[in-house]
There are 2 protein chains.
Amino acid sequence: MSEKKNSNGRMGRPRGFDEDAALEAAMRVFWEKSYDGATMSELTAAMGINRSSMYAAFGDKEQLFRLAVERYAVGQMSYLHAALREKSFKEVVRAALKGMVEFLSTPGNPRGCLSVQGALATSAESESVKQMMVEVRKQGELALRKRIQEAKKDGEIPADINPSDYARFFSLIVAGLAVQSVNGATRAEMQRSVEILLGLLNYQT
Amino acid sequence: MSEKKNSNGRMGRPRGFDEDAALEAAMRVFWEKSYDGATMSELTAAMGINRSSMYAAFGDKEQLFRLAVERYAVGQMSYLHAALREKSFKEVVRAALKGMVEFLSTPGNPRGCLSVQGALATSAESESVKQMMVEVRKQGELALRKRIQEAKKDGEIPADINPSDYARFFSLIVAGLAVQSVNGATRAEMQRSVEILLGLLNYQT
DNA sequence: GTACATCTGAAACGATGGGTCCATAAAGAA
DNA sequence: TTCTTTATGGACCCATCGTTTCAGATGTAC
């Protein structure tokens, strides 16, 4: 949100905080505590602003969450988008899984994945948020499916493979890793989980 | 909890509801809405009793949840315990994964798995519950590890396989399936995810 | 400077959270 | 019956929820 003039061409008092930094802070609170579990008091405290400023800048809790999820998908998940651009499908899989493991065990990051635990099971009043997160996860699956379709055209993977099924399978792996992370699995442990899969796929180094 | 006499050998007014049925109802509410997301009002309404009776019979919300999780682990997860008793390891894996898919797509069941979504990311005050669920999941992993160790002794799986790693890997698959279920995956879709894995393992029918 | 627009801080809003109280009901024991 | 014990219903508790309000602060435009 850049500088705005109102209908009279006048401006008012400028923002006294960094929206970007505030949203980053909010994202991490949602990441750790989920949508329902994060309170406005915790959020605004972490953002370093008060309630009024938050409501003026971001709308309400649900809109703040949506913005946080967008930021997460673009920023924190960048290694996944990068992985999709690897030349061979084998490298796509290797980069995505290795990247995910590193991400899930990065010190300073909350455990787990916002896309999975942000709103997996919710209170009745947060059902729309839960549904939104389903769509976010399906969106990730879709991006992978497209990459698989390319790989199939290139003959990198067997012709009898259904790209939708294959994409769903790898999404399952990523979600499973996220739960492992919450379980407290170390980086080495998660790496060994990935090695098992890469071995089955004949995708080892 | 059967009939009890107090210290004087006297009895009082008997329970006016079926504890078992009430706990079953509570379990399903937690299953659908998670620990934080389920309110006492929703719980007692589903249980068909009022707050006083609930607190007298089950303690508080956290104890009710613990009892619900126990019930879930024994009742709903029975097919997993049964799968562990299959003769060959191949049959263990096949029965567990097929059973999980059926379970996760049973009409009338909430979507997903209580063990995964009951308290994956929580409010600050529910952290002990979150930790308890980590232990529950690790317990499942442990049971599988023991079965894998047997299979290894019997020479059913390669000697260079680490049972802990292998158990963690399969737990990952199960958790991933649970997320797929929340995503709205159909039974057929989840079955195809499992088929892909069974194919990689050379465990097809 | 004055006028206007926006932001900020703190207090307050009604609703709902989990949990408790207490008068009454319903049983067995004496 | 009477006594004792436990269960029940519903009002009630206080804390906290997300959100709003508003007076004052702080900026730009004229």
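How much area is buried between chain A and chain B, and what percentage of it do carbon and sulfur atoms give? In this predicted model, the area buried between the two chains is about 3,600 Å², and carbon and sulfur atoms give 65% of that area.

## The interface between the chains

On the level of residues, 41 residues of chain A are in contact with 40 residues of chain B. Two salt bridges are found across this interface, and one pairing of this kind joins R192(A) to D165(B), whose side chains meet with an N to O distance of 2.7 Å.

The side of chain A that touches chain B draws at least two residues from each of several helices, namely helix 1 (19-37), helix 7 (114-117), helix 8 (127-153), helix 9 (163-182) and helix 10 (187-201). Helix 9 of chain A supplies the largest share of this side, with 13 residues. Sorted by class, the side of chain A that touches chain B holds 18 nonpolar, 10 polar and 13 charged residues.

## How the two copies are related

The same surface serves both copies, since 98% of the contact residues of chain A recur in chain B.

## The two domains of chain A

Chain A is assigned two domains, domain 1 covering 17-76 and domain 2 covering 78-205, and the centres of these domains, taken over C-alpha atoms, are separated by 25 Å. Contact between them involves 18 residues of domain 1 of chain A and 22 residues of domain 2 of chain A.

The table sets out the two interfaces side by side.

| domain 1 of chain A and domain 2 of chain A | about 1,600 Å² | 60% | zero salt bridges | 11 residue pairs |

Between domain 1 and domain 2 of chain A the count of salt bridges is zero, while 11 residue pairs, both members at pLDDT 80 or more, are in polar contact across that interface. On the side of domain 1 of chain A that touches domain 2 of chain A, helix 1 and helix 4 (61-76) each supply at least two residues, and helix 4 of chain A gives the largest share, 10 residues. That side of domain 1 of chain A divides by class into 10 nonpolar, three polar and five charged residues.

## Salt bridges in the whole structure

Over all chains, a search of the whole structure finds 22 salt bridges. One salt bridge in chain A is formed by R28(A) and E24(A), with their closest N and O atoms 3.2 Å apart. R28(A) and E24(A) are separated by about one helical turn, because they lie four residues apart in helix 1 of chain A.

How values were computed
Residues numbered from 1 in each chain as written. Chains lettered and ligands numbered in written order. Predicted model: local features only at pLDDT ≥ 70, side-chain atom pairs only at ≥ 80, totals over all residues. Heavy atoms only, no water. Contact = heavy atoms within 4.5 Å. Buried area = accessible area lost by both parts, 1.4 Å probe. Salt bridge = Lys/Arg side-chain N within 4 Å of Asp/Glu carboxyl O. Nonpolar A, V, L, I, M, F, W, Y, C, P; charged D, E, K, R; others polar. Domains from an automatic or database assignment. Polar contact = N/O pair within 3.5 Å; in protein donor to acceptor, adjacent residues only side chain to side chain.
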